[in-house]
Structure formats: C-alpha cells, structure tokens
Amino acid sequence: MLAEKQRIVAQNPLYRVGRLPASRCREPSVRPTSVANVRKYYTEYIRCLDKVWKPVVEKAGFTFQPPRLDVFTGKTRTLCDVQDSAAYCGSGTISMNATFDIDNYRKYNKLWARTTMAHLVAHEYGHHIQRLIGISDASATRTSYLNGADASLLESRRIELQASCLSGVYLGADRSYFPVAGSWRQRWLWTISHRGDEWGTQRDHGSSKSHSRWTRRGFDAGTPSACNTFTASAASVA
C-alpha cells in the first residue's frame, strides 16, 4: 500500500499535463475594505482558478469539483474550525479570514495586503487540487506510517510547499493578464519570501527561503511538473 501511495505523490498524472493555460483574468478590482468586498474578491479569484484548473485536472484523469468558499471574521465561526489567516478543509472548503485582510489593507502596505490575498487563496486552492488528485489522502497515509515528529513535519512541508508552488504556477501562467509586473510583482516577491516557519511554532510549512524558492519555481515554469516536492531532497524542502 505504501508503494502505491508513493506512486501517487511522486508520479501523479498531474505532473504530465504540461503548461497551465492562462485564465486571462485580471486581479479582482475590488479592495478589501469590508467583508462583502473580501468575499467578492475571493469569489472572482476562485472563479478564475476554477476556469483553469478544471480542464487540467480532467486532463490528468481525475474528476473536478469546485471548492466551497468560506469567508469569516474574528466574530464568526469558520467552517474549517480555525482562526488562521487562511485554511483548507478536507471536505473541499477554502476558508479565508476577512478580518486579517481588512486589517492588513487598513493598517499596512496596501499592495502587500493584495499580494498576500492573491497568494493565500491560490495556495489554499493548491490544497484543493491535491485533494482532487489523491495527493492529500496518499500523504496522510504516508504520515501515519512515519516514525518520529521530524519525519511527519518533513511530509507536511512537502504538502505545504507544493501548494505554494501550485499557486505560483497559476500566477505564472496568467502573468500577462493579471498582470504580475512592476510594483505588484516586486511586492509579491517580497511577500512570498517573508512567509515561513520562522514566524510559526513548528517546522511544518517550510522556511521562508524554501517557500520563496518553490513558489517562484512554479511561477517561472508555469507547469505542475515543477512542483513535485515529493521527489525533492529533504534539504530543498527544509
């Protein structure tokens, strides 16, 4: 059984679909100044992600199902039962924290708030793709057979860094239309290089260096084959 799970994560048909087509979607024009606006932003963004990933998932031989969007605030209960900035539930729900986005936009660099939103929702969508193609389930089984916390954390980093790489694949494919250029691109590069386990409580998502490298790898290649973290060395997913 473990050999089969290894095949699913390391030789998944998704890695053979080729370059992702461009959605030809621009960045949603609405700004995160209210919960309604945050919901509209993510609804538009996910619609574009669906447009691109549906034919790709089906080309790889899997059944596509769109994710459910759950936008919550610090005063509401998220369907994913978490209060993080963003999360993905195994049931197919992407949860995004509107309070986080509104506060970032109001208090800090507005372009940073936008690039953070664009990255995070595409990252959580990456987890949705992993679920649809069997990688999430296979990785969970692999984790259950691992001995020691370090091995489990390594498997978690492979999953998380792949999701960020897939977010980069989408933006890379759509870079001319979004567009990912100029000051937006520079702020996005800064954003992805400042997300990592250095600011967390455990080593389960990858260092900022690894996160930046894998996200940029997906962006530059524009193809899911660039995101095979499961055949990468442990050092490259540190």
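How do α2 and α3 lie relative to each other, roughly perpendicular or roughly parallel? Keep the question in mind while loading the model, which is predicted.

**Stop 1: α2 and α3**

Select α2, residues 35–59, together with α3, residues 98–107. Their axes are 9 Å apart and the packing angle is about 105 degrees. Angles from 65 to 115 degrees count as roughly perpendicular, so α2 and α3 are roughly perpendicular to each other.

To see where the two helices meet, show the side chains of Val35, Val38 and Tyr42 in α2. Their partners in α3 are Ala98, Asp101 and Ile102.

**Stop 2**

An α-helix has 3.6 residues a turn, so residues three or four places apart point the same way.

Now turn to the other side of α3, where Arg106 and Lys107 are exposed.

What covers the buried residues of α3? Among the covering elements are α2, the strands β1 (68–72) and β3 (93–97), and the helix α4 (110–132).

**Stop 2: Tyr41**

Go back to α2 and select Tyr41, which lies in that helix. Tyr41 has a relative accessible area of 1%, so this residue is buried. Which residues does Tyr41 touch, leaving aside those up to four places away in sequence? They are Glu27, Pro28, Val30, Arg114, Met117 and Ala118.

Draw a distance from Tyr41 to Met117, one of these contacts. The two are 76 residues apart in sequence, and their C-alpha atoms are 8.9 Å apart in space.

**Stop 3: the largest nonpolar core**

Next comes the largest nonpolar core, with 61 residues. Select Tyr45, Trp53, Ile129, Tyr170 and Leu171, the members that touch the most other members. The helix giving the largest share of this core is α2, with 11 residues. In soluble globular proteins, nonpolar side chains tend to be buried together.

Center the view on Leu171 and show its contacts. Not counting residues up to four places away in sequence, Leu171 touches Tyr45, Phe178, Val180, Trp184, Trp188 and Phe219.

**Stop 5**

Is the peptide bond joining Phe178 and Pro179 cis or trans? The bond is cis, with omega about -15 degrees. Most peptide bonds are trans.

**Stop 4: Arg24**

Move to the loop between α1 (2–10) and α2 and pick Arg24. Its phi is near 65 degrees, a positive value in a residue other than glycine. Most residues other than glycine have a negative phi. Arg24 is exposed, with a relative accessible area of 58%.

**Stop 5: the segment after α8**

Finish in the segment after α8, which holds Ala232 and Ala234. Are they buried or partly exposed? Ala232 counts as buried, at 16% relative accessibility. Ala234, at 43%, counts as partly exposed.

Ala232 touches Arg158, Trp214 and Val237, while Ala234 touches Leu154 and Arg158.

Two distances complete the tour. Between the C-alpha atoms of Ala234 and Arg157 there are 9.5 Å, with 77 residues separating the pair along the chain. Ala232 and Glu58 are 174 residues apart in sequence, and their C-alpha atoms are 26 Å apart in space.

Definitions and conventions. Residues numbered from 1 in each chain as written. Predicted model: local features only at pLDDT ≥ 70, side-chain atom pairs only at ≥ 80, totals over all residues. Heavy atoms only, no water. Buried < 20%, exposed > 50% of the residue type's maximum accessible area, 1.4 Å probe, protein only. Helix = DSSP H or I, 4+ residues; strand = E, 2+ residues; numbered from the N terminus. Contact = heavy atoms within 4.5 Å. Core = buried A, V, L, I, M, F, W, Y, C linked by side-chain atoms within 4.5 Å. Axes fitted to C-alpha atoms, helices over the stretch in contact; angles between N-to-C directions. Parallel < 35°, antiparallel > 145°, perpendicular 65-115°, else oblique.
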